[in-house]
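Dear colleague,

Please find below the structure that I am passing on to you.

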Amino acid sequence: MDISVVGAGHVGLVTGACFADLGHQVVVVDNDAKRIANLQRGVMPYYEPGLEELVARGVRESRLSFTTSIREAVVKSTILFIAVGTPQKATGEADLTYVENVARSIAQHLPGYRLVVEKSTVPVQTGQWVHHTIKTYLKRKHPFDVASNPEFLREGTAIQDFMKPDRVVLGVETKRAADLLTKLYKPLGVPLVLTDIRSAELIKHASNSFLAMKISFINAVAQVCERSGADVQQVADGMGLDPRIGRSFLSAGVGWGGFCFPKDVEAFIKISEQLGYDFELLKAVRNINEQQKRGFAAKIQRALWVVKGKTIGVLGLAFKPNTDDMRYAPAIDIIEYLQGEGARIKAFDPQAMGEAKRLLPRVTLCQDPYEAARGADCLAVLTDWNEFKELDFRRLKKLLRQPLIVDGRNVYDPKRLEALGFRYIGVGRGRGETH
Ligand code: UDX
């Protein structure tokens, strides 16, 4: 099928490359000419495992092309995915400016029937606005449909999340739209949830908010563990064996970040308010997360007693492993808090050093974990990269000014590190330390 994806970001580029890999003819559009020129040269805008090879294959086999022209995309493709950013406004609401711009541009170039699909995460009722916008700006009275097809891609595993999703959610209003999207997604061989547009939009917001809630819940339980001497990892293991609960997204840490959870939770709170419902539960989920980040910085402060003039080695800056993405990364808040208290920060991250140079100019960026530890008064782990799991702890101990590790992602076994002579502080690890 002939498909276009507007927006070459974390969702759009993966979506386009994956559809091309499935044999479709795909045009990926972006209004950032530099990003498009780089993609045409095989240069990716961000790190995502496997993406570079997937894009190269699609381009080599002439199934994937890049352009800045929406007109070209609209003329060539029957199905048009809107996958542009929906960032958070200062008020917390989703900024739908880019979605509206794309809908208007599509309307102005519509040459015949087209199916316009919301791929971006949007608040419920956006679909009817997209429909209204296209209808308003149509140059000629051509038929069109709007549908919602929210993505459930996780950064770092986005390609497998596309190719092997738990389900594909399709919000449609006409049989023609249902048939087109069913034909497109049937080859994936996974359950297709056919519903109306509003329910599809809400499935996305509700799913992300539930996952964020699960993490905030275990982070709150970690607070109780710290005050009671229980170990939150053991608690999560015991809880997670109940299939109604499940072990995933039940790992306590410094809190959730990334470009999805923070903005989706906030947008869900806002759209609910606008619809007349005060989503108090979600506000608690957000507040627990803010406290978790602040509390972890305070935990480091208490461990050092005096922070001013101290050097803190940080392992991990990306908001999660296997990405270079630092948007809303807990590391940013935690580092800025410690710098505010007069600490000097040295940091290493396997992928996010480029982003860190831009976002954390006052941090000394190091080539590896040992460089970050050299001369530091403590080592703080903020992202659970695999690279950090089997470090040479004897070497670290020699490099550190004192053998103190504050583990924000519970990467290490407290007993193992204590046996090696470290003072270990984790999150909810039953050592009696409190935030
Ligand atoms: C999320 C959703 O998982 C995905 O379905 C949606 O499409 C986009 O948003 P993503 O933001 O890429 O994906 O990352 P995710 O793996 O969900 O992690 C989000 C944050 O939660 C990260 O900061 C991660 O470190 C944190 N996290 C995750 C925890 O703190 N504990 C956990 O147990 C799991």
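Helices H1 (residues 12–21) and H3 (residues 51–60) pack at an angle of about 50 degrees, their axes 9 Å apart, and are therefore oblique to each other. Oblique covers the angles left over when under 35 degrees counts as roughly parallel, over 145 as roughly antiparallel and 65 to 115 as roughly perpendicular. Contact, meaning heavy atoms within 4.5 Å, is made by Leu 13, Val 14, Ala 17, Cys 18 and Asp 21 of H1 with Leu 51, Leu 54, Val 55 and Arg 57 of H3.

The model is a predicted one, in which local features need pLDDT of at least 70 and side-chain atom pairs count only at pLDDT 80 or more, while totals for chains, interfaces and linings use all residues. Residues are numbered from 1 along each chain as its sequence is written, and side-chain values use heavy atoms, with hydrogens and water left out.

A second pair, H11 (residues 261–274) and H12 (residues 280–304), packs at about 155 degrees with axes 10 Å apart; H11 and H12 are therefore roughly antiparallel. Their contact involves Val 265, Glu 266, Phe 268, Ile 269 and Glu 273 of H11, and Leu 282, Lys 283 and Arg 286 of H12.

Yours sincerely

Key: Axes fitted to C-alpha atoms, helices over the stretch in contact; angles between N-to-C directions. Helix = DSSP H or I, 4+ residues; strand = E, 2+ residues; numbered from the N terminus.
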